[in-house]
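Let's take a walk through this model together, one region at a time.

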Amino acid sequence: GECSLINNKILKKYDIKNNLLYCCLYLDEINKVEKTKKKFKHISNFPTINRDISILINKKITNQEIENNIRKKGTEYLKEISLFDLYEDSNTSDDNQALAYSLNFGSDKRTLTDKEIDKIMDNILSSLSKNFDAVQR
């Protein structure tokens with residue numbers, strides 16, 4: 001489908017004071033989309049803990065390899081991984097890049113402690129260093 005804002009000239013002509021959005025949905029195309037069962041995901045009553053890591057790593061190492069390694073060491077408490085920054089500059093060698101990830105930890109059974117997450121983060125960084133020669137920035 002497509003959506004767009006109605007032009008201000010038209011809004012003024014009909015004395016409409018708010019923004020107006022026009023949407024056109026192609027139902028035939030929507031109906032062609034494979035229908036999959038959606039699973040309900042319970043929202044935890046306990047808070048999550050967010051941590052960011054920044055590493056200097058060889059460009060040959062893929063994001064998927066890094067995320068798989070982080071997931072393996074992140075235990076069952078690691079809920080989400082998000083790459084939010086990729087940085088290259090003249091201070092790093094041509095083979096390296098700096099990557100920054102945001103990690104979200106949580107439990108459905110209890111509130112996690114900073115000490116627990118610190119230990120997991122140490123394990124993640126140690127594994128990245130051992131497996132990919134990554135250096136924490």
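Asp133 sits in the loop between α4 and β6 (135-136); helices (H or I, at least four residues) and strands (E, at least two) are DSSP runs, numbered from the N terminus. Asp133 is not a glycine, yet its phi is positive, at about 55°. With a relative accessibility of 64%, Asp133 counts as exposed, on a scale where buried means under 20% relative accessible area, exposed over 50%, and partly exposed in between (1.4 Å probe, protein chains only).

Before going further, please keep in mind that this is a predicted model: local features need pLDDT of at least 70, side-chain atom pairs count only at pLDDT 80 or more, and totals for chains, interfaces and linings use all residues. Residues are numbered from 1 along each chain as its sequence is written, and side-chain values use heavy atoms, with hydrogens and water left out.

Asp15 also has a positive phi, near 55°, in a residue other than glycine. You will find Asp15 in the loop between α1 (8-13) and β2 (21-24). Its relative accessible area is 57%, so Asp15 is exposed.

Now step back to the whole chain. The protein has four helices and six strands, and from the N terminus on they follow the order β-α-β-α-β-α-β-β-α-β. The radius of gyration is 23 Å, well over the 14 Å that the globule rule gives for 137 residues, so the protein is more spread out than a compact globule. Here the radius is taken over C-alpha atoms, and the rule is 2.2 Å times the number of residues to the power 0.38. The C-alpha trace spans about 65 × 45 × 35 Å along its principal axes. Of the 137 residues, 26% are buried. Among contacts (heavy atoms within 4.5 Å) with a separation of 6 or more, 67% join residues 24 or more positions apart.

Helix α4 holds Ser127, which counts as buried at 7% relative accessibility. Leaving aside neighbours within four places in sequence, Ser127 is in contact with Asn69, Lys73 and Phe132. Ser127 and Lys73 are 54 residues apart in sequence, while their C-alpha atoms are 7.5 Å apart in space.

The largest pocket holds about 240 Å³ of space. A pocket is found on a 1 Å grid over the protein atoms alone: it is an open set of points where a 1.4 Å probe fits, with protein on both sides within 12 Å along at least five of seven lines, and lining residues have an atom within 4 Å of a point. Grid points are joined across faces, edges and corners, and the volume is the space filled by probe spheres set on the points.

The lining includes Lys41, His42, Ile43, Ser44, Phe46, Lys79, Gly106 and Ser107. It divides into two nonpolar, six polar and four charged residues; Ala, Val, Leu, Ile, Met, Phe, Trp, Tyr, Cys and Pro count as nonpolar, Asp, Glu, Lys and Arg as charged, and the others, Gly among them, as polar.

Lys79 is partly exposed, with a relative accessible area of 38%. Not counting residues up to four places away in sequence, Lys79 touches Asn104, Phe105, Gly106 and Ser107. From C-alpha to C-alpha, Lys79 and Gly106 are 6.5 Å apart, though 27 residues separate them in sequence.

That brings us to Ser107, in the loop between β5 (96-105) and α4 (114-132). Ser107 is buried, at 7% relative accessibility. Beyond four places in sequence, Ser107 touches Ser44, Phe46, Tyr77, Lys79 and Leu112. A polar atom of the Ser107 side chain lies 3.0 Å from the backbone nitrogen of Lys109, and the side chain of Ser107 also reaches the backbone nitrogen of Arg110, at 3.4 Å.

How values were computed:
A polar contact is a pair of N or O atoms within 3.5 Å; within protein, one must be able to donate a hydrogen and the other to accept it, and residues adjacent in sequence count only if both atoms are side-chain atoms.
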